[in-house]
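Open the model in your viewer and keep the selection tool ready. We will go stop by stop.

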Amino acid sequence: MGCVALEHQPGQARAPQDPGRKWCDVGCGPWEWIYEDPARGSNQVPRLAGILSPFMANDAKRKGRKLLTVRDFERLARQRLSKPAYDYFRSGSEEERALARNEEAYRRWVVWYRVLVDVAERDLSTTVLGIPVATPILIAPTAYHRLAHPEGELATARAATVAGTVYVVSTLATTALEDVAQESAGPKFFQLYVHKDRGFTRELIERAESAGYDALVVTADTPLLGRRLRDERNGFCLPDGLVMSNLAHLAGPTDGSMLARYVAERHDASFTWKDLEWLKSLSHLPIVLKGIVRVDDAVRAADEGVAGVIVSNHGGRQLDSAPATLDALPGIAEALRGRCEVLMDGGIRSGADVFKALALGARAVLVGRPVLWGLAAGGEDGVVSVLRLLAEDLSKTMALAGTRTLADIERTMVALG
Ligand SMILES: Cc1cc2nc3c(=O)[nH]c(=O)nc-3n(C[C@H](O)[C@H](O)[C@H](O)COP(=O)(O)O)c2cc1C
């Protein structure tokens, strides 16, 4: 079975609910489409075509391939992206050990499934910060979505709405946060990097609040940028025409090493717990602290009154010696015991991975790279397909494990194998 959202016959008009949009068959298989929006015009994304690899040349090789797993999407995304763009999305820091550790951790846990439970119907719905979501799989904040697809963050926002989940929009988005908010009819959080320029930080928060974001996700693990050797080797840079739209008026950096310099110069590496109070005073939005791996930090965050923490090591892109987030999760969940919500990300590639994270105490998970692969593979449809694939996979895992709802997924159901 392939991914529903991409199963369309070549030449067939797409998106009948939105006749202003035209989908083009690029002639390389029933699931391969590129998006062309005459209203916006391709001159909106000058020179962006250079980012897409010459995938047409590989048509024959890919004919008949189905997109069954996140890995399949990654393979297709890799074909469609330039090497520097793929490497930027894929890479971790330094020797990429934390990146590997994140993914490997899920393989160490097994599921002690129940039998003879009525699982004919499963319910994946839950709430995050009191907001109803259709599944516990949220979209992690990642930079530069227009590097993956011309529609960028707008496509991701529409996909999140279709999937009924939260999109956490990055400070480093290539679309202004107001435009992303307009495109989204669902819940959305704004991810904040605290800048030395307190006035600018305040401005970002005020913009997010007035644009209708539901929460602020403050990333705490990036006082400096982790060293991304692939980006340095590739001389990675944003192509002409792409900018970090939320920061546009600050002469924005465009290449990999410049990004590191930007973070070093602009991010506030002296930001501490004491400053959280100031941050909280700037808006009514609930604050979620992202990048926590230690129990004492998680407890301190709860003491400071945050609404939630995200157990995360930035997808292995910051401290390369960081622990796998799945290993950090149980202690934090145990220590917080409902004092604030515990979310987690890092290395989730299947529904079974989501199941294990929920069993170890996460209320919901976030996915970063899988969404980028979906976006690069097929824009909005690609992201919807990846989210649907993960949700269907979780639903199937729940059925096989004898769990009907997310509340049925208990700590005793997983153990180190
Ligand atoms: C290409 C890329 C860009 C990212 N950009 C940001 C960002 O702008 N802000 C942030 O807080 N985290 C960022 N992250 C980290 C993600 O939010 C998330 O923690 C991580 O991707 C989860 O791991 P996964 O990719 O294995 O799902 C980025 C991750 C990737 C892969």
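## Stop one: helix 14

Select helix 14: its buried residues are Gly351, Ala352, Asp353, Val354, Phe355, Lys356, Ala357, Leu358 and Ala359. Bear in mind that this is a predicted model. Helix 14 covers residues 351-359, and nine of the nine are buried, so the rest of the structure largely encloses this helix.

## Stop two: strand 11

Next, select residues 308-311, which form strand 11. Is this strand covered on one side or on both? Both faces are covered. Gly308 and Ile310 are buried on one side, and Val309 and Val311 are buried on the other.

Start with strand 10, residues 287-292. Strands 10 and 11 run parallel and are joined by four bridges. To find one of the pairings, pick Val288: its bridge partner in strand 11 is Gly308.

## Stop three: the crossovers

Follow the chain between these strands. From strand 10, trace helix 12 (residues 295-303) and go on to strand 11. Together they make a right-handed β-α-β unit. Keep going: from strand 11 the chain passes through helix 13, residues 325-336, to reach strand 12. This β-α-β crossover is right-handed.

## Stop four: Val293

Go back to the loop between strand 10 and helix 12 and select Val293. Is Val293 buried or exposed? Count the other C-beta atoms within 10 Å: there are 22, and 20 or more is the mark of a buried residue, so Val293 is buried.

What does Val293 touch beyond its neighbours within four places in sequence? Its contacts there are Val311, Asn313, Ala322, Pro323, Thr325 and Ala328. Also draw a distance from Val293 to Ser312. They are 19 residues apart in sequence, yet their C-alpha atoms are 6.5 Å apart in space.

Note on methods
Residues numbered from 1 in each chain as written. Predicted model: local features only at pLDDT ≥ 70, side-chain atom pairs only at ≥ 80, totals over all residues. Buried ≥ 20, exposed ≤ 12 C-beta atoms within 10 Å, placed from the backbone. Helix = DSSP H or I, 4+ residues; strand = E, 2+ residues; numbered from the N terminus. Pairing = 2+ DSSP bridges. Right-handed = clockwise from strand over helix to strand, strands pointing away. Contact = placed C-beta atoms within 7 Å.
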